[in-house]
Amino acid sequence: MLAVLTLTACESSQEKSAKLEKVAKREAKLRAAQLPLAQRVLSITRESKLVKVSATAVLHSSEGAAALVSLRNVSATALRDVPIEITVKDPHGATIYKNDAPGLATALVSVPLLPAHATSTWIDDQVQASGVPASVSARVGEGEQVTAAIPHLVIEGARLGEGEAEGSVVNRSTVSQRELVLYALARRAGAIVAAGRAVIPQATAGTSTHFQVFFIGNPQGGHLEVNAPPSTVG
């Protein structure tokens, strides 16, 4: 009888330990989900069925390296905070950079907003490659569907300088934008020859804000494209 009681108590202890471990894992997962995206280790376990990668490119010059990913939202709903994971490789196919380290700025691990049925080019101009970048691949996770009205932002007076672009972004909505990221690129004969980003801490509703983007690559003689997806919906 003593042996049976001892065995039963042992099994009960194991079950209790297993339950506690399960609860601890669940709580850790919830805590991780509550962290800002930039503080998490980027890991995309399920790729988005609504966002497709249509093209990629990589640039490097004395100013640094940049990875570009063109994305297409095939759904009828705008998506925000879309996780994006990139892998940069050298000419020999060796991985020299991934944006999966914790502490990166949110805009370097996610796309702020993709309008419905729209194509947009996301740019990471902070690629800290350990070699010469030759290619980049991307995996896109599931973003959050946006049901509210999308703030209307307009780029005005954008022009190229020597190695930079400048202009103004006009916030024609009633929602002020926080940490607004502008993506700029220059094309020459159809090919992307320069790219960069600028971050505006605050773009107040109903006002115009000046911006300046410094390029990686040589934009001279290129056609300038600037995009400012809203960072704050409401």
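Here is a chat about a pocket, a few backbone angles and some strands in a predicted model.

Trainee: How much space lies in the largest pocket of this model?

Mentor: About 360 Å³. Keep in mind that we are working with a predicted model.

Trainee: Thanks! Which residues are closest to the centre of that pocket?

Mentor: Of the 15 residues lining the largest pocket, Thr106, Ala107, Arg178, Glu179 and Ser231 are the closest to its centre.

Trainee: And what does the lining look like by class?

Mentor: The lining of the largest pocket has six nonpolar, five charged and four polar residues.

Trainee: Which strand gives the most to that lining?

Mentor: That is β11, with three residues. At least two residues each come from β3 (79-89), β5 (110-114), β11 (177-188) and β12 (191-203).

Trainee: Switching to the backbone: what is phi of Asp81 near?

Mentor: Phi of Asp81 is near 50°, which is positive although the residue is not a glycine. Asp81 lies in strand β3.

Trainee: Is Asp81 buried, exposed or partly exposed?

Mentor: Asp81 counts as partly exposed, because its relative accessible area is 36%, between the cut-offs of 20% and 50%.

Trainee: What about Ala189, where does that one sit?

Mentor: Ala189 is in the loop between β11 and β12. Its phi is positive too, near 55°, again in a residue other than glycine. With a relative accessible area of 87%, Ala189 is exposed.

Trainee: Is Pro112 buried or exposed, and why?

Mentor: Pro112 is buried, because its relative accessibility is 13% and buried means under 20%.

Trainee: Which residues does Pro112 touch?

Mentor: Leaving out residues up to four places away in sequence, Pro112 touches Leu79, Arg80, Asp81, Tyr183, Pro229 and Pro230.

Trainee: Last topic, strand pairing. How do β3 and β7 pair?

Mentor: They run in the antiparallel sense, with six bridges between them. As an example, Val88 has Val136 in β7 as its bridge partner.

Trainee: And which residues of β7 are on its covered face?

Mentor: In β7, residues 135-140, the covered face holds Val136, Ala138 and Val140. Ser135, Ser137 and Arg139 make up the uncovered face.

How values were computed:
Residues are numbered from 1 along each chain as its sequence is written. This is a predicted model: local features need pLDDT of at least 70, side-chain atom pairs count only at pLDDT 80 or more; totals for chains, interfaces and linings use all residues. Side-chain values use heavy atoms; hydrogens and water are left out. On a 1 Å grid over the protein atoms alone, a cavity is a set of points where a 1.4 Å probe fits but cannot get out, and a pocket is an open set with protein on both sides within 12 Å along at least five of seven lines; lining residues have an atom within 4 Å of a point. Grid points are joined across faces, edges and corners, and a volume is the space filled by probe spheres set on the points. Helices (H or I, at least four residues) and strands (E, at least two) are DSSP runs, numbered from the N terminus. Ala, Val, Leu, Ile, Met, Phe, Trp, Tyr, Cys and Pro count as nonpolar, Asp, Glu, Lys and Arg as charged, and the others, Gly among them, as polar. Buried means under 20% relative accessible area, exposed over 50%, partly exposed in between (1.4 Å probe, protein chains only). Contact means heavy atoms within 4.5 Å. Two strands pair if DSSP finds at least two bridges between them.
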